[in-house]
Structures are given as C-alpha cells and as structure tokens.
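Reader: I have a structure open here and have not looked at it before. Can you walk me through it?

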Amino acid sequence: MTSTGYDGEVDEDMAENANIYLKNTIDLNQLREGKEGVEFEVDFDRTNEEDEPSMGCKYRTNNYFDKEQVFRNMNFECVKNPESTENDNLSPFDRIAREMEDISGDGGVLKSVMSAGIGSVVPEDIHVRVHYNGYLENNEEPFDSSRLRGKPHSFKLGDHVVIPGWEIAIATMRKNETARFLVRPEYAYGKLGVPPRIPADARILFEIELLFFMERDAADKFMSLTEEEQAETPFEKVLEVSNTERTVGNDFYQNKQVTKAMNHYSKAQTLLEDVRLKDMTEEEKRNKILLRVYLNLAMCCLKIGYYGRTITYCDKSLVFDPSNVKALFRKGQALHKLSDFDKARSFLARAQKLSPNSEDITKELKELNKNIQKFRLMERSMYAGIFNTPRPDAGASANTGAGRNPGGGRGRVLAADDKENDGAAPIIKTPKCSLFFKENMDACLQQFAKEEELSVDIPVTSFIQDEINYISSHADKLKLNWKLATKNDTIKILTLSKK
C-alpha cells in the first residue's frame with residue numbers, strides 16, 4: 001500500500017527523516033512474485049523541505065510517533081489474551097477471521113463493518129480519501145497509520161498505487177464507513193514482505209475509514225451548472241470540490257505530471273476565486289485553502305520554467321500572508337532564474353530572516369552569489385570585446401573607418417592597401433577576441449570545471465563569433481559539452497555542461 005499523509009498542500013514540510021524518496025517507483029507485482037528481486041535507487045536530491053506529497057513509500061515506520069498517540073491506536077485483538085478461557089488454539093487473526101465476510105471470493109480479503117456508512121458504495125475509477133491503521137499479527141501497535149500522522153491518505157481507485165487488497169476492500173465501502181479488513185499475503189506484500197518492518201508471508205489487518213469520495217471531474221461538473229445553481233450550492237460543498245481538485249493535483253504532482261497537476265490546481269483556483277461568500281468566516285476558510293493553491297501553482301510553474309507566472313502566484317500568496325516563507329523563497333528562485341539578481345537577493349534574504357535554519361534558502365543564496373560573480377566576470381569580458389575588438393558596422397558611412405554604430409561597436413576597418421575613393425568595396429577585417437577576454441573566460445571555465453554544478457548558461461548575444469568560437473574551443477579542451485541556442489528569437493545562450 002502506498003502510505004502517505006498531507007494536509008492538502010503539496011509543500012507541507014514533513015518530519016525530519018520521515019521520508020526516503022526513490023528515483024523510480026517499485027513494481028509491487030514483481031516484488032510480490034519474488035523471482036528476481038527489485039532494484040531501486042535512492043533520490044538524494046529530494047529533501048524534506050521539498051513539497052511533494054510522499055506518495056511513493058510502501059510503508060512507514062512509527063518511530064517518530066508520540067507514544068500516547070500510539071497507545072490510543074493499539075489493537076489488542078492482534079495479540080493473544082493470556083486470560084482468555086477459549087481453548088481453540090486459534091491465532092489472533094484466525095479468531096478475528098471467524099466474524100468476517102469473504103469479499104474476494106477466495107478468502108484473500110475478509111471484511112467486517114465496525115461503523116456503517118451512508119449512501120451508495122464507492123463507484124469505479126473514483127478518487128477517495130481515507131484514514132487507516134495497519135497491524136501485524138502478534139503486535140498491537142500499528143506498523144503504519146494515517147491517524148498517527150494526522151493526515152488522511154488520498155488516491156484513485158484503479159490506478160494501482162495501493163496493494164490489491166485495498167482496491168478490493170475500499171470498493172465495498174460507503175461514505176463515513178469504518179471497516180476492518182484481513183488481507184492475505186498474496187493481496188498484500190507477498191512472500192517477501194517488506195523487511196524489516198513487514199515480515200515475509202504476513203497477513204495484514206487494516207482498519208479503514210472512508211472519509212469521502214468524489215469523481216475527478218467534479219469541478220467540471222460544478223462549472224457546468226447554471227449561475228443560479230452554482231449560487232445555491234452550499235459553501236462547504238464548493239470547498240469540498242476545491243479540495244478534491246487540489247488533492248488530485250497533488251497525486252499528479254507526486255507522479256511528476258506537473259502540467260496535469262497545474263490543470264487541477266487551476267480548477268480549484270477558479271472555484272475558490274468565484275465562490276460567493278456570506279461572511280468573514282467563509283472568507284477566512286476560502287483564503288486559507290486558496291493560499292495553498294497559489295503556492296502549489298507557484299511550485300509547478302517554477303518546475304517547468306514559467307518564472308513570470310511563478311512570481312504572479314507568489315505575489316497572490318503574499319497578499320494573504322506577507323511573511324509566507326515559501327512564497328518569498330519561490331519568488332526569489334524565479335527572479336534568480338530570470339537573472340534579476342538584486343530582487344532575487346532581496347526576497348531570498350527576507351525568506352532567510354524568517355527561516356534562518358533553512359538549508360535550501362542558504363543553498364539558493366550561495367548559488368545566487370556565485371552566479372552574480374560569474375555574470376560580472378562575463379560582463380567585463382563582454383565589454384572588453386565591445387570596446388577592444390574591431391566589429392563590422394553596417395550602418396557606418398562608406399567613406400569612414402572610425403565611426404561608432406548605435407550598439408557601441410567599431411565601424412568598418414579598411415585594409416592597409418585599400419583606397420577610399422577607388423570605387424571598390426572596402427575589405428572588412430574579421431573581428432578577433434581580445435587577450436583580456438581570453439584570460440577572463442579561461443578563469444571562468446576552469447572554475448566551472450572544478451565546481452559541483454552540472455551546467456551553466458552564458459548569455460552571448462553581444463559576443464562576436466570569434467569570442468563564441470573561443471569559448472566552445474576551450475570547453476572542448478576541458479572536456480565540457482556545449483550547445484548554442486536562441487531564446488525568444490533574440491537572446492543567444494551558450495550552455496556548458498559536464499560530460
């Protein structure tokens with residue numbers, strides 16, 4: 001089962017060392033079969049400050065839960081009662097199974113209702129939110145619990161992001177129902193289990209409460225209502241639909257489908273911005289959720305390079321909360337990407353003042369300072385090329401070789417044996433990069449080769465061709481990859497990367 005919990009905002013900080021992220025998902029079917037094992041790689045670039053919901057972990061240890069909370073969620077039926085007068089030699093789970101219904105048809109998933117729900121059973125292909133506890137036999141403490149984390153778990157039935165036993169179990173539930181399910185290994189974690197927390201061939205007892213379910217296109221259906229019908233819709237219902245869209249967006253974001261996540265966040269944004277509010281209480285509730293939606297949208301835009309839109313959503317967030325660290329930090333990141341270094345430093349400094357122990361903010365400021373130094377070095381080199389290197393000037397007078405063009409470059413330079421009045425076209429000398437440019441660019445490239453950065457962008461719009469050729473040639477000598485590209489039809493960028 002995919003174990004997760006969050007309060008609805010993608011970027012909620014998790015407890016220290018609570019999550020270990022993998023670069024790729026694990027195929028549970030392959031793991032259960034236990035034929036060749038499963039290889040995986042830990043993603044050390046993902047930190048707990050990063051704000052994706054942790055939808056990839058298959059179980060979670062409870063060593064960071066409060067002892068009193070653990071006690072309240074213990075299930076003593078999972079262990080033998082030494083004072084029991086029954087003499088049937090049944091194990092705790094076998095005793096529980098006697099009162100359960102077989103819902104899988106082969107005894108693989110058994111169910112007993114603890115608290116009846118309302119309405120119809122969960123439809124197929126639906127988005128659900130649940131609370132749960134998971135127990136192993138002979139252990140009264142839950143090995144995994146959304147209740148202990150205080151955050152429900154959301155997912156979509158049919159997406160196979162949970163164990164097969166859960167797909168079968170939750171498909172039989174009604175809203176607000178609480179039920180107990182006993183799941184055999186083939187419907188849970190298989191012959192291998194998930195050592196050391198879940199042993200091999202383990203039966204699992206789950207207590208699951210279905211909080212609510214809603215179709216993924218709930219927002220579209222709501223938007224298809226007439227204006228009068230929308231106005232009559234209760235405020236809490238609009239919040240519920242908005243929360244569902246936001247939660248679905250979180251699911252897509254966790255699976256690195258950022259564009260789809262943005263689509264659902266945008267739907268939530270529209271619903272919340274357009275909802276009719278009766279009083280300040282409703283406005284406060286709306287603003288609290290809308291702030292999270294704006295932060296989620298800012299994060300998505302930052303991920304896919306929409307830096308202008310990132311700034312817009314951060315500004316919207318700061319209207320609600322001028323001291324929001326994440327909004328300040330992400331706006332600083334976006335400004336950094338846009339090379340607006342002074343403003344970037346200002347917002348990152350504000351974020352660091354509010355969160356002085358944040359390693360990510362400190363790291364971003366260090367990167368900003370390094371890029372400022374590189375930019376200044378390249379700027380000096382660029383101006384050295386402009387003022388020290390002859391450049392062709394198509395706009396200069398045909399009978400002069402010393403004029404300046406509007407861009408600051410040199411006019412055309414005549415060859416020594418040219419005559420101005422012989423009627424022949426003047427010969428233009430090819431501009432060469434200066435020694436000052438070479439020395440400074442050598443130092444810059446060598447410094448980059450020593451650093452941990454994998455790539456760097458050099459703006460070369462104002463560079464002459466010989467200067468660009470020199471950079472690429474020197475990059476080859478340092479065994480660096482390079483690529484020249486044009487952005488926005490005018491800005492030339494030379495990207496260097498390490499092989």
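Author: We can go from the whole chain to its confidence, then to cores, rings and strands. One thing to know at the start is that this is a predicted model.

Reader: Ok. How many helices and strands are in the protein chain?

Author: The protein chain has 16 helices and 12 strands.

Reader: And what share of the 499 residues is buried?

Author: In the protein chain, 46% of the 499 residues count as buried. The accessible surface is about 26500 Å², and carbon and sulfur atoms account for 49% of that.

Reader: What about contacts between residues at least 6 apart in sequence, how many of those join residues at least 24 apart?

Author: Of those contacts, 67% do.

Reader: What is the mean pLDDT of the chain?

Author: The mean is 77, and 70% of the residues reach 70 or more. Residues 11-18 have a pLDDT below 50, and that stretch has 26 contacts in the model beyond near neighbours in sequence. Residues 44-64 also stay under 50. For residues 44-64 the model has 86 contacts beyond four places in sequence.

Reader: Moving inside. Which residues of the largest nonpolar core touch the most other members?

Author: Trp166, Ile170, Tyr189, Ile204, Phe206 and Ile208, out of 29 residues in that core. Strands E4 (127-136), E8 (178-183) and E9, along with helix H5, each supply at least two of its residues.

Reader: Take Ile170. What does Ile170 touch?

Author: Leaving out residues up to four places away in sequence, Ile170 touches Val122, Val128, Val130, Phe155, Leu157 and Ile208.

Reader: Which residues are in the other core, the one that lies apart?

Author: That core has 27 residues, among them Phe235, Val248, Met299 and Cys314.

Reader: New topic, rings. How many aromatic pairs are there?

Author: The structure holds 6 aromatic pairs. One of them is Trp166 with Phe206: the ring centres are 5.7 Å apart and the planes stand at 85 degrees, so this pair is edge-to-face.

Reader: Where do Trp166 and Phe206 lie?

Author: Trp166 is in helix H5 (residues 164-170) and Phe206 is in strand E9 (residues 204-214), so the pair ties together parts that are 40 residues apart in sequence. Trp166 is buried, with a relative accessible area of 0%. Phe206 is buried as well, also at 0%.

Reader: Why is the pair of Tyr294 and Phe320 called stacked?

Author: Their ring planes are at 10 degrees, with the centres 6.0 Å apart, so that pair counts as stacked. Planes under 30 degrees apart are what stacked requires. This pair links distant parts of the chain, with Tyr294 in helix H10 (residues 280-304) and Phe320 in helix H11 (residues 307-320), 26 residues apart.

Reader: Is Phe320 buried or partly exposed?

Author: Phe320 is partly exposed, with a relative accessible area of 32%.

Reader: Which residues form the aromatic cluster?

Author: Tyr132, Phe143, Phe155, Trp166 and Phe206 form one cluster.

Reader: Back to E4. Why is E4 said to be largely enclosed?

Author: Because 10 of the 10 residues of E4 are buried, the strand is largely enclosed by the rest of the structure.

Reader: Which residues point which way from E4?

Author: His127, Arg129, His131, Asn133 and Tyr135 point one way. Val128, Val130, Tyr132, Gly134 and Leu136 point the other way, and the residues on both sides are all buried.

Reader: What does E4 pair with?

Author: E4 pairs with strand E6 (residues 153-156) in the antiparallel sense over 4 bridges, and Arg129 has Ser154 as its bridge partner there. E4 is also antiparallel to strand E5 (residues 144-145), over 2 bridges. In E5, Ser145 stands opposite Asn133.

Reader: And how do E1 and E2 run?

Author: Strand E1 (residues 101-102) and strand E2 (residues 109-115) run antiparallel and are joined by 2 bridges. Asp102 has Leu110 in E2 as its bridge partner. The hairpin has 6 residues between the strands, and Gly105 takes a positive phi near 90 degrees in it.

Reader: How many bridges are there between E2 and E8?

Author: There are 6, and E2 and E8 pair in the antiparallel sense. Ser112 has Arg180 in E8 as its bridge partner.

Methods
Residues are numbered from 1 along each chain as its sequence is written. This is a predicted model: local features need pLDDT of at least 70, side-chain atom pairs count only at pLDDT 80 or more; totals for chains, interfaces and linings use all residues. Side-chain values use heavy atoms; hydrogens and water are left out. Buried means under 20% relative accessible area, exposed over 50%, partly exposed in between (1.4 Å probe, protein chains only). Contact means heavy atoms within 4.5 Å. Accessible areas come from the Shrake-Rupley method with a 1.4 Å probe; for residues, only the protein chains shown count as cover. Rings of Phe, Tyr and Trp (its six-membered ring) pair if their centres lie within 6.5 Å; planes under 30 degrees apart count as stacked, over 60 as edge-to-face and the rest as tilted. pLDDT is the predictor's confidence in each residue, from 0 to 100. A nonpolar core is a set of buried Ala, Val, Leu, Ile, Met, Phe, Trp, Tyr and Cys residues joined through side-chain atoms within 4.5 Å. Two strands pair if DSSP finds at least two bridges between them.
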